[in-house]
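Hi everyone, thanks for making time this morning. I'd like to walk you through one model, so let me put it up on the screen.

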Amino acid sequence: QVHLVESGGGLVQAGGSLRLSCSASGFSFSNNDMSWYRQAPGKERELVASISNTGSVTNYAGSVKGRFTISRDNGKKMVYLQMNRLKPEDTAVYYCKSFPNDYWGQGTQVTVSS
């Protein structure tokens with residue numbers, strides 16, 4: 001059974017940091033690119049960052065570039081999102097997703113207070 005389970009969300013003040021984790025099981029993690037998406041209330045889900053299956057290639061949305069870092073550990077079947085210098089507009093539910101196996105986690109809430 002496939003599982004993608006996010007953790008690490010919470011409430012933080014603007015300028016603070018959080019590290020999100022996503023644990024994968026039930027599919028070939030090392031053969032999948034991984035991404036973090038987010039969805040704020042009333043807005044569409046958007047891509048935040050992605051990482052290739054080997055970890056050699058990363059991409060970021062312009063709004064988070066230079067503040068967020070995506071990484072992965074294939075041995076542990078984990079993907080991470082280090083979020084620094086958080087802003088209130090980063091408030092959203094954050095999801096991890098695999099590609100080409102199209103699996104989604106249940107999401108973790110990140111709230112940034114001003």
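Let's begin with the cysteines. The torsion about the S-S bond of Cys22 and Cys96 is about 50°, so this disulfide is right-handed. The bond ties together distant parts of the chain: Cys22 sits in strand β3, residues 18–25, while Cys96 belongs to strand β9, residues 92–99, and the two are 74 residues apart. Their sulfur atoms lie 2.0 Å from each other, and both Cys22 and Cys96 are buried. That is the one disulfide the structure holds. Please keep in mind that this is a predicted model, and the values I quote are computed from it.

Now let's step back to the whole chain. The C-alpha trace spans about 40 × 25 × 25 Å along its principal axes. Buried residues make up 41% of the 114. If you take the contacts with a separation of 6 or more, 53% of them join residues 24 or more positions apart.

Back to β3, this time for its place in a sheet. Four strands form an open sheet in the order β1-β3-β8-β7, with antiparallel pairing. At its edges stand β1, residues 3–7, and β7, residues 68–73; each has a single partner strand, so one side of each is left without a neighbour in the sheet. From one strand to the next, the twist averages 15°. If you look at β1 and β3, you'll find them paired in the antiparallel sense over five bridges, and there Val5 stands opposite Ser23 in β3.

Which residues have the most contacts inside the largest nonpolar core? That core has 26 residues, and the answer is Trp36, Val48, Phe68, Val79, Leu81, Met83 and Tyr94. Several strands supply at least two residues each, among them β4 (33–39), β5 (46–51), β8 (78–83) and β10 (108–113). The strand that gives the most is β3, with four residues.

Let me finish on Val48. Leaving aside neighbours within four places in sequence, Val48 is in contact with Trp36, Phe68, Leu81 and Tyr94, and its other partners include Tyr37, Arg38, Asn59 and Val64.

Technical notes:
Residues are numbered from 1 along each chain as its sequence is written. This is a predicted model: local features need pLDDT of at least 70, side-chain atom pairs count only at pLDDT 80 or more; totals for chains, interfaces and linings use all residues. Side-chain values use heavy atoms; hydrogens and water are left out. A disulfide is a pair of cysteine sulfur atoms within 2.5 Å. Buried means under 20% relative accessible area, exposed over 50%, partly exposed in between (1.4 Å probe, protein chains only). Two strands pair if DSSP finds at least two bridges between them. Axes are lines fitted to C-alpha atoms, for helices over the stretch in contact, and angles run from 0 to 180 degrees between N-to-C directions. A nonpolar core is a set of buried Ala, Val, Leu, Ile, Met, Phe, Trp, Tyr and Cys residues joined through side-chain atoms within 4.5 Å. Contact means heavy atoms within 4.5 Å.
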